[in-house]
Amino acid sequence: MGLVMGPFFDTVLSAVEPNETGSASGALTAVQQLAGALGTDVLGTVFFSALDHQHTTPTGYTTTMTITLWTATGLLASFLLPRPGDPQER
C-alpha cells in the first residue's frame, strides 16, 4: 500500500485548483484513514467468516489465508481499472 498511496496522492492533488490544495489534502487524508479502517474490517470479516467454514488445522488456516489474500488482491486490483479523463479534456 505504501507504493500505491504516494503516487495516488499526487494524482488526486494534481486535479485540484491550487487554492484548494490544503482542503483537498486534508479531505484525502481523512478518507485514507477511513478506507484503511474499513479495509481492515472487511478483510478481518472475510478471514473469520472463512475460518468458520474451515477446520482449525494448519490446512484450514492456509485455505482461509488464501481466500483473504485473494480478496485483498481483488480490492487492490480495483485501483487498476481505467479512470475517466480530465474533465477539461472532454
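**A first look**

Guide: Of the 90 residues in the protein, 10% are buried (under 20% relative accessible area, with over 50% called exposed and anything in between partly exposed, using a 1.4 Å probe and protein chains only). This is a predicted model, where local features need pLDDT of at least 70, side-chain atom pairs count only at pLDDT 80 or more, and totals for chains, interfaces and linings use all residues. Residues are numbered from 1 along each chain as its sequence is written, and side-chain values use heavy atoms, with hydrogens and water left out.

Visitor: What secondary structure does the protein have?
Guide: The protein has three helices and zero strands. Helices (H or I, at least four residues) and strands (E, at least two) are DSSP runs, numbered from the N terminus. The order from the N terminus is α-α-α.

Visitor: How do α2 and α3 cross?
Guide: Helix α2 covers residues 21-52 and helix α3 covers residues 58-77; their axes come within 9 Å and cross at roughly 150°. That makes α2 roughly antiparallel to α3 (angles over 145 degrees; under 35 is roughly parallel, 65 to 115 roughly perpendicular, the rest oblique). Axes here are lines fitted to C-alpha atoms, for helices over the stretch in contact, and angles run from 0 to 180 degrees between N-to-C directions.

Visitor: Which residues meet there?
Guide: From α2 they are Val42, Leu43, Val46, Phe47, Ala50 and Leu51, and they meet Tyr61, Thr64, Met65, Ile67, Thr68, Thr71, Ala72 and Leu75 of α3. Contact means heavy atoms within 4.5 Å. The residues of this contact divide into 11 nonpolar, three polar and no charged.

Visitor: Pick Thr68. Buried or exposed?
Guide: Thr68 counts as buried, because its relative accessibility is 7%. Thr68 is found in helix α3. Leaving out residues up to four places away in sequence, Thr68 touches Leu43, Val46 and Phe47.

Visitor: And Leu76, where is that?
Guide: Leu76 is in helix α3 as well. Leu76 has a relative accessible area of 38%, so it is partly exposed.

Visitor: How far is Leu76 from Val4?
Guide: Leu76 and Val4 are 72 residues apart in sequence, and their C-alpha atoms are 9.3 Å apart in space.

Visitor: What about contacts across the whole protein?
Guide: Take the contacts between residues at least 6 apart in sequence: 29% of them join residues at least 24 apart.

Technical notes. Nonpolar A, V, L, I, M, F, W, Y, C, P; charged D, E, K, R; others polar.
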